[in-house]
Amino acid sequence: QVQLAESGGGVVQAGGSLRLSCAASGRAFSNYAMGWFRQAPGKEREFVQAISPTGGTTYFAGSVTGRFTLARDNAKNTVFLQIERLKTEEPGIYYCAAQGWMGLSNTARYTQRSEYDYWGQGTQVTVSS
């Protein structure tokens, strides 16, 4: 079992920056791939970015290329999502999620919501124009 708790959300001006954190508790954090998803009002939860257990590999949605950076600190059981140049179309609840690492044979799984076993409660991000 892994418990996840996100923090760092808030109101940010369009073009601004934000750092989200996800603290994990439970067993063997370093065995899990960690992902972030965003859910806007009335829309489905969509993939944002994911990171391998060692942090050596990241996966990201094309829309966040060059603006979102995902990192993890396994000693602190925490992942960090640094958001730069936030867009007006990117508000929503940001969720942290975990799934057991299955290697590199099918990396698409790390971008798929259905493959994640554990979820946090989410943190709200509001973008003001």
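How many bridges join E3 to E8, and do these strands run parallel or antiparallel? Hi everyone, let's start there. The answer is 6 bridges, and the two strands run antiparallel. If you want one spot to look at along this pairing, find Ser21, which stands opposite Phe80 in E8. Please keep in mind that what we have on screen is a predicted model.

Now let's step back to the sheet. E3 and E8 belong to an open sheet of 4 strands, in the order E1-E3-E8-E7, with antiparallel pairing. Which strands stand at the edges? Those are E1 and E7; each has a single partner strand, so one side of each is left without a neighbour in the sheet. On average, neighbouring strands here are turned by 15° against each other, if we ignore direction.

Next, the inside. In soluble globular proteins, nonpolar side chains tend to be buried together. Here, the largest nonpolar core has 26 residues, and the members that touch the most others are Leu4, Met34, Trp36, Leu81 and Tyr94. Several strands give two or more residues to this core, including E1 (2-7), E4 (32-39) and E9 (92-100). Our friend E3 gives the largest share, 4 residues. Apart from this core lies another one, of 9 residues, with Ala33, Phe47, Ala50 and Ala97 among them.

Glu6 is buried, yet it has no salt bridge. How far away is the nearest side chain of opposite charge? That is Arg45, at 7.3 Å, and a salt bridge would need the charged atoms within 4 Å. What does the Glu6 side chain have around it, then? One of its polar atoms lies 2.8 Å from the backbone nitrogen of Cys96. For the backbone nitrogen of Gly122, the distance to a polar atom of the Glu6 side chain is 2.8 Å.

Last stop, the loops. Asn77 sits in the loop between E7 and E8, and its phi is near 55°, a positive value in a residue other than glycine. Is Asn77 buried or partly exposed? Its relative accessibility is 23%, so Asn77 counts as partly exposed; the limit for buried is under 20%. Then go to the loop between E8 and E9, where you will find Arg85. Phi of Arg85 is also positive, near 50°, and Arg85 is not a glycine. With a relative accessible area of 47%, Arg85 is partly exposed.

Note on methods: Residues numbered from 1 in each chain as written. Predicted model: local features only at pLDDT ≥ 70, side-chain atom pairs only at ≥ 80, totals over all residues. Heavy atoms only, no water. Core = buried A, V, L, I, M, F, W, Y, C linked by side-chain atoms within 4.5 Å. Buried < 20%, exposed > 50% of the residue type's maximum accessible area, 1.4 Å probe, protein only. Pairing = 2+ DSSP bridges. Axes fitted to C-alpha atoms, helices over the stretch in contact; angles between N-to-C directions. Lys, Arg positive; Asp, Glu negative; His and termini not counted. Polar contact = N/O pair within 3.5 Å; in protein donor to acceptor, adjacent residues only side chain to side chain.
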